[in-house]
Every structure is written in structure tokens, then in C-alpha cells.
Amino acid sequence: MSADPQPAQPTALDRERTELGATWAETPGWMGWLSAVDHKTIGRRFILTAIAFFALGGLLAVLMRLQLARPEQRLVDADLYNQLFTMHGSTMMFLFAVPVMEGLGIAMVPLMVGARAIAFPRLVAFGYWMFLFGGLFLWISFALNIGPDNGWFSYVPLAGPAYGAGKRADVWAQMITFTELSGLVVATSIIVTIFKYRAPGMSLDRMPIFAWSELVTAGMILIAMPAVMVASTALILDRLIATHFFNQAEGGDPLLWQHLFWFFGHPEVYIIFLPAQGMMSTLIQTFTGRPIYGYIALVLSLVSTGFIAFGLWVHHMFATGLPQVGESFFTAASMMIAIPSGLQIFCWIASIWRGRIQWKTPMLYALAYFFVFLVGGLTGVMLAAVSLDLQVHDTFFVVAHFHYVLIGGSIFPLFGALHYWFPKLTGRMLSERLGVIAFTLLFIGFNLTFFPMHQLGLLGMPRRVYTYPAGLGWEGLNLLATAGGALMALAVITYAINVVWALRRGTHAAANPWNAGTLEWATASPPPAYNFHPVLVVRGRDSVWTDPDPITVIGLSCARREVLITRVVDANLDHRFESPTPSIWPFITAIATSILFIGSIFTPWAVVWGSIPVAIGLIGWFWPGSKSAPQEPTGAVIRERLA
Amino acid sequence: MNGSRTLDVAHLPDIGFGDRSPLRWGMLAMIAIEGAGFALLAATYLYLRSRVPHWPPGVPPPSLLYGTLNLGMILLSAVPNEITKRASRRMDSAIAVSGLAICIVWALVLCAIRFLEFGALNVNYDTNAYGSIVWFLLGYHTTHLITDVADSMVLLWFALRGPLDGHRMVDITENAVYWYFVIAAWIPVYLLIYVAPRIV
Amino acid sequence: MNMQSMLAPAGLQAAAIERLWWIFLIVTSLVFVAVIVALVAAIVRRNRDGGPSDRAAFRGVAAAVIATAVTLIGLITVDAFTARKLASLETDDRMVVNITGRQWWWDIEYQHPLPSMRVRTANELRLPVGRVVQINLQSADVIHSFWVPALHGKRDVIPGHANEIWLKADTPGRYRGQCAEFCGLQHAHMALTVIVEPQDKFAEWIAAQRQLGPSDASEQAARGRQIVERGPCSTCHTVRGTDAGGRVGPDLTHVSARQTIAAGTLPTSRENLRKWIDNPQHVKPGVRMPALGLSRDDIDAVVAYLGGTQ
């Protein structure tokens, strides 16, 4: 597919594109800014906001590392340190990692499946506002010294009514509600987009692997996030109205919290991991110039990982004294999940062997994965063994492990993918030179920070300690880790400078600067509001490579926001659907919902009174006729009014 | 980009019912979410049960009257629900709208019975963990009941106000699907709250 | 230097786990090298000749997956053997110690059929070499985790759950443990000293522990005893043989014989005891012991009394 269209009838197509541009345009002004429903706009907002939280979370980590650089330091007192590691973990997990993966999904999935819009765009807009408000709620509370301080996992009884004074634990629990609601609605939209909005002919086995990874992730979100919402609701109930879910004196159990939390918590890390695996397949395919080896195996790996991930949660509880027989099952499952992950790695190596590498920044990040994630995956195999876990559980060995898998397995591919999709989303190219510098700093800095932590764990340093005594052999390693942290900070700053520079002065990007094969590269950079005109029919995988002269769709209205709905498995034509127009109501509903959520940590009546504004918001949202005024009658209008 | 061949879609209808509709898939996702929630609450109930020798601990089991009455009423509500769903599928506005109205009235009666049910549980949410999980389970289902009644009322208002077009009919169909979920979810909840404590 | 290291085992279970560690480290390192070699080979030899054919690639990937599965099964098996070893200590002939985890110290009581023979101490666990010990773990407040890396992995201490851990120390020496589950403000300062000594020395020690409290022979010590009995100390602390019988805080009968105070925060010395009593919040902010407002002389008297036995 050539970078720029060479239409045989330029005038008609151009006229249509102009009309489409007006039909799909966002409303102007600040009202328009609050009413946006374009998935690319919302996707960019998600990504930007998530990265901002990443930077904030990283700052907290720098403070933690400064405190731990020397033994018995008093830079940061115990109370503040406990808040720091709680905020760091909560921010990274809930306000950065999941939202950024979802944000990329929102931005890229409709493009790569050839759709004009995302399903339920107003729901996605609502999801963004809930994410933003939840994050603000957490951070403003932190600034006001009522931020949580019991870890991102908030174990009871420490976070319960007896030992968790004030509102700190409630802030944490309700932040969960905000962010999980956001995640759930976005997951719903992504699933429906993938199932029903694919371009005609894009059967499921022709869909790009990144879309598959987002599909599996979204499915996992639907089942995992309710677990943490049940848990956090039960916690708020225990604290607010004296229920006894976790109170062993009245038949409750602190371990119930752990089961509920980790039933969510383990799939959560795979929710963060799987989209990055999709990114790996994407990057390796593009930067080796050949279709990825083992498409079916890769898809099956993603799906099976998604399922198996739900069977591992007890490996976070090996030290709690559960029966050995039960624990053995979780050891086996926790080890066996390495098989689909390994399968992906082997397929990627085969792909690299068969292709020609383009040595660009995104590929560097993809290659780094093999070094970094592999270490983390292997220490994960160690942790899966109960006997070994009993020694290294809750030590810095685990901190090393999960940073190696999360940063190696998710953040490196993410940074590569952001570099890769940056031209598509912004129309500018990032600087290669700054890209390589940032990558090098990150790779070295990361390993310097986290590799010593393995040794610290083996030497007995527990987690979540605000200081430690001298004489146990921990001093030098901690200092090294702090130095590495400084390099990581420099890497992130370099990346940010690259982004800012590119937005102002970067080369304008062509439609397909990397010569990639998937559909998002068949339209301009950045795409027009309506993504594609004409909509393309798909006849194979990687159709930009395999189908340079595709069949195009005609007959979609340019005066209304029409999208083409296709069938779930084979993407045969089904019907035309009108995509909702911009609306302020998702924003208003989000405000009302936030008031309900925040109020309900102070009084249960907030749920009752708060639901009235929420209902009003929803009514405005779904008010009929709020789609674009029909030029022609839509559907079969039965009658205008009854009686 | 001038393809030599084109695919004309102008003839396609602009609504789809059932699994042809994106709304159906959104509804299925929501059912998965809420179903997971119910499953986790049920698992919590059973977990707490496994921690004590006697169940219910220290209090009699909930009295059967209102819960069973609710069970019967909610199962019967499938009838007007199905009638409404089919009517809206074939775009029969009179029956769809009046069916929806009947479903709403029926559901309001269920809400009233549910209110009485809470009072007949023989335990309070702050008595012990058993009380807490029973109230959470029942409360979770009640939330679905109330929100379904509320959104059905809004839907009825929109339908009466007009235009009563294909999109509205799809909405009514999907609303009925959601109601089926509310009915189906009640069955295991009923069994856990009312039957399980009696069969030991 | 290696008092808290799992790589310097002093007991049966820690030794078994250490062996397991080396097996896992070697196997996983080999896997790492193998994958990296394959990757580098793939990069260096890429597409010279179009790369491996579909069939060759399939065989390669399949072989790698099978090798992975076999390796994992092997590791699971080795772990299962170790787990059996760890659980093999249970026997009737053992010493029983009850340990209650509290924010932020360890309440230790050596059990005995006769209540009067039980010994209560805090934060320091003495064990006889070669004897099997059953430690019953309870929590008085939040979740803690009992962990002495030189002897065994950790076991969580959970309110409402009766957990236990069985140990056998084989090498005499001094080791350090630490609470390994975040338990609030001073989680970082909830350490445990473990002293392993030959059986006869242990018997001596426990006999001495059963002796009644510190000597109040000198005038200052006698005054100190009075302050302990009649002042705020007795609300929380016990000194056997006196009227001080509080059970909220550590038993102070033989406090000066312990190597550290405040759960490993300060080495025991008269000066540190003084510092602690004067302002515990300064040493360990958030600790449950309040500043008592005792005068300098009073504190000196208390220290003279409690610091009596050595």
C-alpha cells in the first residue's frame, strides 16, 4: 500500500473526505474538549495521564532509594516511607501500568482492525475521567497527609478498623473502585470493538496479534477486577459499618482478604504483561520485515496464559501455613505458565532468525526484553518452588523478580511500542539518537538498580523496611541500587525530552514510516477523525504487505457517523451502525460518580443520595436523539409517539 | 487508493438484534463482570462456612417465607420478560411497551418483598461474619434489582416519548436479557442463603 | 556479617533450602545462557539463506518447548523432595516454644507442663544445638512473619490462625531474624536474635532464667525496684518476684541478659537502657511505650535495678 493515495477520481473521494471530516469532528472549545469521544483522542489522554503518573511514581521510588542508600538514615521517617512505598506500588500498578496498556488498546485497536471508531465511545470517555479522578483522589489525599500507608496490597488487620486509623485505608480502597471501574468499561469496549467492528474479511485468524493480546487481556479484566472490587468493598464495609469479613473474633478471616486480593492480583500482572507480549510480536514482525513466525502458537500462548493466570494466586501465600497439598498444585501451575511464555520467546527467536533486522530504537527495546524478562521469568520459576519461596518471600529478592518481569516484560516493550506508534498517533517521528541514548541509559540503569536486589534478598533484607542496620552486608548493594535509580531517572527524562522535541520539531511522519504490514499503517499519520476512507476489505493477515490493491467499501454515509458492523468470527458484513456523537454527559456522570464514591467512605448514605446525580447524568447520556440528527429515517421507525 | 473493485454496503440495514448487535456483546461483558462478582461472593460465603463448626453460627437460619416468595415471583417474571423481548424483536410497539410496563410493576413488587426479606434474615450485618456475607450477597443482588427497575423506567419513558425506532427496540431486548441474568443470579444466591444453612 | 543470610545455614531445613537454591540457580542459569545463545545466533546468522525453513523452525520451537517442560517437571520434583525434607522433623521428643507476634516485638515463652517452670522472655530466642523445636505462632494484633534465615524459611503469624514452625539448629552461633510481613510503622525494627548453644549451656541458661528477678541489694537498685513496682512500668511489664505483673510489654526479669533491646534496635547497655526509658519515641517512633516523664535520678535507679543481673 503506497504512503499516499493516488485516486483515479480525486475530486469525489476528496469531497467525501472533507464531508467525513466535518461529520466526525470533535466539538470546538473547552466544552468540546470535555465532550470528546474520538478513540484516538481518548487513547492519547490515557497514555499521557498514565505516563504522568509513571513519572510521579518514579519520583517516589527515587526518594525511597535515597532513604535506603545508607543504613539507619533519617531522610524520610517511618510514616512517610510507608506512604511512599504504598503510593509507589499503587500508582505504578493502578494508575500507570494497566491504564497505559488500555490506552494503547483504545488508540490502536480500532485502527488495526480497520474500524472507523471504537465501540461505546462515550463509555470509553467516561472510563478516562474515572481513571483521572481516581488518580487525583489518591494523590490529593497523599498531599493532604491522608494517603494510604499499608502497601499496595493493603493487608488486614493492619488496614482494618482496629489498626488502620483515619481514612487512609479507605482512600486506597476507593481508589481501587475508581480505577477498576475505568478498567472494566474500557475492557468492555475493546472486546466489543474486536468482536463487532473489524473490517470486512478480517476473520479472527487474520487479526493482528496485538489485538489478540488486548482481547485476552480485556477478558481477564472482566473476571479479575470484580475480585478486588469485592475485597475493597468488604474492607470499606468493615471499616465503616462494622461488618466482620476480616475480623477473626467474629468468624471472619484475615486470610480471606489475601485470597480475594491475590485472585485479582496475580491476573493483574498478566493483564499488564499480555499486551506487552502483543507489542513484542508487533515490533519483531515489523523490524524483521517478515510475518511473525508461529501466529497460531502465539495466539494460543496468549489465550492459555490468560486462563492459567487465574490458577496461580496462592503462590503469594506460601508462607501463610496453608496445607502442603494445596500449595503443590500452585507450584505446578506457577511453573507451567512458563511454557506458553517460553513458546512465545522461541517463536520470536525463530522470527528473528528468518528476517532482516532493522536496527531501530523500537527493536532495541524488543531485544532487551530477552535479557531482562528472561531473568525475571527464571527467578519466577524459583519463587514457584515453595521451599525456596519460604526463604526469599517478602525480601528484596521478590522486589528484584517482579521489577525484572514487569519492567523487562512490559515496560521495555511498551517504550519500544510508544516509539513505534508515536508517528501514527502524533504525525511526528521521534529522534533515533535520543531514542538510543534513552534506551541505553534505561538498560544499564535498570540492571544496576535491580540486580543487586537479588543478593540483598539472599542476604536476608526484608521488604517494606524504611531502614536497616549496618553490619549485615547490605550497605554496598543498596548504594549501588540507588546509583542505578539515578540512571533510570535520566533515561526517562531523556525519553521525555525526545517526545517534547519531536512534537515541536520532529520530522513529519509518512503513513507507513516503518514499512509495517498491519492496517493502522494504511492511513495517514495521524489518521483523520474517521480513520479510514474508504474502509478496506481484508483478504489476509498483514494486508498492507499482502494486499496492495484492496477491495474498498462504498455506501457508508458521509453525513452521519456510520461504522460497519461485521460478524464475530469471520467478519462478514452485518449492518451499519451510527456511532455516538460527542457529549458532555460522560464527564458529568463521572463527576457525579466520583462524588458518590468519595462520599461513601464517610457515610453509607452517600450511596443513596449520590445515585441521584449519577442517574441524571446517565439519563442525559442516553437521551435519545443525541446521535447526529438523522438526515434520513433511521431504522424502521414504528411511530413517532404512542397514542 | 482506488481499488479496482468495491464492496457496496448501502443496502445493509442499520440495526441488528441479538448477537448481531454490539449492545448484546456489551451486555454479555457486563454479565461476565457481575457474574464474576456473584461467584466471588459465593466463594466467600463457602470459605467463611469452612472456618466454623456450626453454620449459621449463633443464630437461626433466615426464615424461608419472603425469600421463597421472591424466588417464585422472580421465576414467574420470566413470562412477561420473554413476551416483551419477543415483541420488541419483531418491532411490535404496543406489546413491547406494555410488556415493559408490566415488568416494571412486577419488579417493584419484588423490591417490596426484598425489603421485607432483609428484615427476616434473623441476623444483622454487624453481628458476625456470617451476617456480613449474607447481607452482602443479598445486597448485591438487590442492587441489580433496583438498577434494573430504574433503567427500565427510564427506557419506558424514552419509549413513550418517542421516537420508538429500531434502536429503542434493541434497547428493550437487551434490557430483557439483563433481567434474565438477574433472575438466574438469584437462584444460587437463594440456595446459599436459605437452603445451605439447613442441609448442613 | 552473614547473620541473616540464607546462604549461611545453621540448621537442617535452611541447609536443605540452600542446596535447592544452588540447583535452581545452576539450572536456570543454563537456561538463560541457552536462550541468549540462540538469540545471538539468530541475530548474527539472520537470513543468510532465508533462515530456517518452516519445518526446521517448527522442530526447533517444539524441541525447545519440550525441553522447557521437562526442565520444569524436574524442578518441581526437586522442590517436592525438599518439601518432604522440611516437613520431616515432626517428632514427639521436641521442645515447645510459644511465640506471639506483637507490634513490634516478639513475645517468647518456653513451654513446660508445670506453669511455674515456663520462661517468658522477649526478642531473643536461645536454642540448644541438635534439638527439635516446635514453635507455636500466634498474633496479638496484625499479621507478622517469623523468619530466621539461618534456620528455615518463614512462617506467617496470623490472628485467628494457629501456625507452627519446626526447627532444628545444628551449628552453634548467633543469628538474626526479622519480621517479614509488613506490620505497621516500625516493621523495620522488629528483629529477633537467635543464639544457638550446646545443650548444657542452654540448660544453664534456662535455669538462670527461672531464677527470680534482678538483685535489689544496693540502695539505688532498691529504689529502682520500688519505681518499677509502683510506677507506670508495672502497668505493662512483668518482673518476676516483684509486684510488677503487666503483660502488655516484654518481660523485663532478665532484660539485661539479652543482647539487644527494642527488638534488635539497640545493643543492651546501661546507657541505651537509659536512652530508651527516657524517650522511647525518639529511638523507635510510634512504639507502644510512651515517654514516662521519669526524672534523671529515677531512670538511673531503674537502670541500676534492671541492669543488675548480667
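1. Chain A and chain C bury about 6,700 Å² between them, and carbon and sulfur atoms give 70% of that area. Please keep in mind that this is a predicted model. Chain A puts 77 residues into the contact, and chain C puts in 81 residues.

2. On the charged side of the A and C interface, the rule finds two salt bridges. A:Arg464 forms a salt bridge with C:Glu181, where the closest N and O atoms are 4.0 Å apart.

3. Chain A also meets chain B through helices.

4. Who touches whom here? From H7(A) come A:Leu222, A:Ile223, A:Pro226, A:Ala227 and A:Val230, and they meet residues of H1(B) including B:Ala29, B:Ile33, B:Gly37 and B:Leu41. Sorted by class, this contact has 11 nonpolar residues, one polar and no charged ones.

5. Within chain A, have a look at helix H3 (residues 39-68) and helix H14 (residues 396-426), which pack at an angle of about 145° with their axes 13 Å apart. H3(A) passes H14(A) in a left-handed crossing.

6. In that pair, residues of H3(A), among them A:Arg44, A:Phe54 and A:Arg65, meet A:Phe396, A:Phe415, A:Leu418 and A:Leu425 in H14(A). The contact of H3(A) with H14(A) has eight nonpolar, no polar and two charged residues.

Definitions and conventions. Residues are numbered from 1 along each chain as its sequence is written. Chains are lettered from A and ligands numbered from 1 in the order in which they are written. This is a predicted model: local features need pLDDT of at least 70, side-chain atom pairs count only at pLDDT 80 or more; totals for chains, interfaces and linings use all residues. Side-chain values use heavy atoms; hydrogens and water are left out. Contact means heavy atoms within 4.5 Å. Helices (H or I, at least four residues) and strands (E, at least two) are DSSP runs, numbered from the N terminus. Ala, Val, Leu, Ile, Met, Phe, Trp, Tyr, Cys and Pro count as nonpolar, Asp, Glu, Lys and Arg as charged, and the others, Gly among them, as polar. Buried area is the accessible area (1.4 Å probe) that two parts lose on being put together, summed over both. A salt bridge is a side-chain nitrogen of Lys or Arg within 4 Å of a carboxyl oxygen of Asp or Glu. Axes are lines fitted to C-alpha atoms, for helices over the stretch in contact, and angles run from 0 to 180 degrees between N-to-C directions. A crossing is left-handed if the near helix is turned anticlockwise from the far one by less than a right angle, and right-handed if clockwise.
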